[in-house]
Amino acid sequence: MKMKQFDKAIGFCNKALVRQQSMPAAQQVKALYRRADAERSLGRVEECLDTLGQCLELQPENAAAKTMHQQMTRELALQKKKQARVMNKMLDCYKAEREVEQDPPPPDHSIPSGVVWKDGDLSPENMEKWQHYSRVFWVASLGFTLLNAVDSFAQAGICCLHPEATSWTVYFFGVSSTMEQQWICNKLVHSLLLSRMPN
């Protein structure tokens, strides 16, 4: 204990207490008290209280064990209060974040953006379809995402597609293969985009 090797001290006490049933009560109390003292030094409050409880069962009048038990009971109460304060603070922060993180408003497609939406384009069923990235729809989804981006920019006051424009250039970055280029340049994307451009 004097060398502050508390884990070793606990190990020695546990080794001695293996023969607890055959030990005199005074020796049991001594080993239990030393283990409790080491547990206290390591900050193991609940383990310390449990060991002191065993010690006081054997020798209820042990003044040192009673004093340490009172001290550790107060320490445990303080720890629980501190933990409760930390948890309450975390919950308050979480609630504050949830209040700030409100769902964004739905897109306002009534703001003129130059995109000529067709009937049903913005229905939940079609939105689900366009977001279905499969071998058939992923390119169509890309085109639909592009049109939605034009709408979103319009909501922010940025016009990407003027109603009187006669041409429109779109750059697709990140195309990694000739196959993808062919997919992007196919008739499906052209028909999807062109049919929703200003006449």
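Asp7 comes out partly exposed at 47% relative accessibility (buried is under 20% relative accessible area, exposed over 50%, partly exposed in between, with a 1.4 Å probe and protein chains only). Asp7 pairs up with Arg44 in a salt bridge, with the closest N and O atoms 2.9 Å apart; the term covers a side-chain nitrogen of Lys or Arg within 4 Å of a carboxyl oxygen of Asp or Glu. Arg44 sits in the loop between H2 and helix H3 (45-58), and Asp7 in helix H1 (residues 6-17), so the pair ties together parts 37 residues apart in sequence. Arg44 is partly exposed too, at 32%.

This is a predicted model, where local features need pLDDT of at least 70 and side-chain atom pairs count only at pLDDT 80 or more, while totals for chains, interfaces and linings use all residues. Residues are numbered from 1 along each chain, and side-chain values use heavy atoms, leaving out hydrogens and water.

The salt-bridge count comes to three. Helix H2 (residues 25-41) holds Arg35 and Glu39, four residues apart, or about one turn; helices here are DSSP runs (H or I, at least four residues), numbered from the N terminus. Arg35 and Glu39 form a salt bridge at 3.8 Å between the closest N and O atoms, and both residues are buried. Arg40 bridges to Asp37, with the closest N and O atoms 2.8 Å apart. These two are three residues apart in H2, about one helical turn, and Arg40 is partly exposed at 31%.
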